[in-house]
Amino acid sequence: MTDRYQTFTRTPLGKTLVKNLGLPDPLPLPRWTDGAPVIDGPVVFGAIGESDAGKAIQALLRDIGASFSTATEGVASSEIRPKALVFDATGATSTADLSSLQRFFSPVIRQLAAAGRVIVVGRTPELASSTDQHIAQRALEGFTRSLGKEVKRGATVNLVYVAPDAHEQLDSTLRFFLSPKSAYVDGQVARIGTGPLVSNDPQRPLAGRTALVTGAARGIGAAIANTLARDGATVIGVDVPQNADPLRKVISKIGGTELLLDVTAVDAAQRIAAHAQEQHGGLDIVVHNAGITRDRRLVNMRTDAWDAVLDVNLRAPERITKHLVESGAIRDGGSIVGVSSMAGIAGNNGQTNYATSKAGVIGLVEALAPVLADKQIRINAVAPGFIETEMTAKIPFAIREVGRRMNSLQQGGLPIDVAEAIAWFADPASAGLTGNVVRVCGQSLLGA
Ligand code: NAD
């Protein structure tokens, strides 16, 4: 589905109207292409004192070959257009230190390049060593979420909280947020904990891994299957028998295997486990993407529409996860990713069933993350906002147009944006990431 308004704004007439009438100007967001560098412009780094996190950030910037300077070296002049501003705020031990945010960002923020990146790294507030530090660290959320709304031309702002002694886990998350892979992730908070140190090839981080993707025949699921395969995984694509043809098309291109079943079937979990064991010797990644909507206001909600949505979107992931873990089909070190929705966070008129199911997916992540940690299995979720797919193409025109524009990036996301976030969670090098729910919504105006 194309965004006709965005296409129009790139024409000479469109540009004039946008400028003169102050209309939304959604810059087409660059996406990552195979073999491209993590970041293709200069980075300015700033910090509140020296810290382990700061050292890890600078080591990563060197590792990816980024040209970077520190703000104290006087680079905050008009000579450079930074592609990214990275600020280590882990050293903020009291609210007095918050002044450093304004001192660092105010002089340089205007120069941020189009589709630029701002990343603030803080200490997980709940794990702070004092109440003063907790308050200062928690304050970073307000700063990043507001700055996300202020920056223009496709730039994003995200906050990464890192637990004490977890600085070595920063790499995969910084790579994600610095690169165009995070094009539609804006105003978000990721929390990194400790975990085993995994070093893998960032070009093929999923090599040797097997990934299950439900609802893989089209839309976001097809993009997830392609992206995980691009990153080296062997993909098992699941979809309903009616979608056998499109599923085959997706899977034949990436050399995986297909499994035709309805995820709500009573034996779905057993069949998935058996397929994974017999054809692939087990599973490392599970993506619960299959989902449906049956929208009606509660006053008109039919029982079958309520049940169908709860069954597909929540009870199936719950049951399949339980069986795959208990049967040992998911290997230790595995990664489970749920697909929630912005509606599950903010609520939505006509979607009580859908929002209940999608909030339940967040519950699944929160409840299981600590339990599965014993097996070194991680569980996270993405919560997409408005993504251009067949699902959103069905929304009436006026509501669709509002949905598209009501976010900091003034446009809908693409299936690849959701897929990239899932690939970041699936990466074994993201061993410190569990219990996270990250929205892929261009910083929608709806919800927290
Ligand atoms: P889609 O309708 O285009 O594709 C969903 C796929 O899931 C289809 O191939 C369908 O056949 C499959 N599926 C549905 N029920 C199934 C079942 N019982 N068993 C097996 N497969 C089944 O949807 P999409 O837009 O690609 O959405 C994918 C996921 O993202 C869903 O969970 C959806 O709720 C979520 N999501 C989408 C958006 C959006 O803007 N498109 C926003 C938020 C969340």
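Two residues are in contact here if their C-beta atoms, placed from the backbone, lie within 7 Å. With that in mind, take in the whole protein chain of this predicted model: of its contacts with a separation of 6 or more, 77% are between residues 24 or more positions apart.

Stay zoomed out for a moment. The C-alpha atoms fill a box of roughly 65 × 55 × 40 Å along the principal axes. A compact globule of 448 residues would have a radius of gyration near 22 Å, and the protein chain agrees, because its own value is 22 Å. Buried residues make up 50% of the 448. Switch to cartoon view and you will find 15 helices and 13 strands.

Next, select the open sheet of 7 strands. Its order is β9-β8-β7-β10-β11-β12-β13, and the pairing is parallel. At the edges sit β9 (257–260) and β13 (437–440), each pairing on one side only. Neighbouring strands are turned by 20° against each other on average, direction ignored.

Now pick out β7 (residues 210–214), which 5 bridges join to the parallel strand β8. Click on Ala 211: its bridge partner in β8 is Val 235.

Last stop: the ligand. Which of the 28 residues around it come nearest? Select Gly 215, Gly 219, Gly 291, Thr 389 and Met 391 to see them. Elements giving two or more residues to this shell are α7 (219–230), β8 (234–239) and α13 (390–393). Colour the shell by residue type, and it divides into 13 nonpolar, 11 polar and 4 charged residues.

Methods. Residues numbered from 1 in each chain as written. Predicted model: local features only at pLDDT ≥ 70, side-chain atom pairs only at ≥ 80, totals over all residues. Near = placed C-beta within 6 Å. Helix = DSSP H or I, 4+ residues; strand = E, 2+ residues; numbered from the N terminus. Nonpolar A, V, L, I, M, F, W, Y, C, P; charged D, E, K, R; others polar. Pairing = 2+ DSSP bridges. Axes fitted to C-alpha atoms, helices over the stretch in contact; angles between N-to-C directions. Rg over C-alpha atoms; globule rule 2.2 N^0.38 Å. Buried ≥ 20, exposed ≤ 12 C-beta atoms within 10 Å, placed from the backbone.
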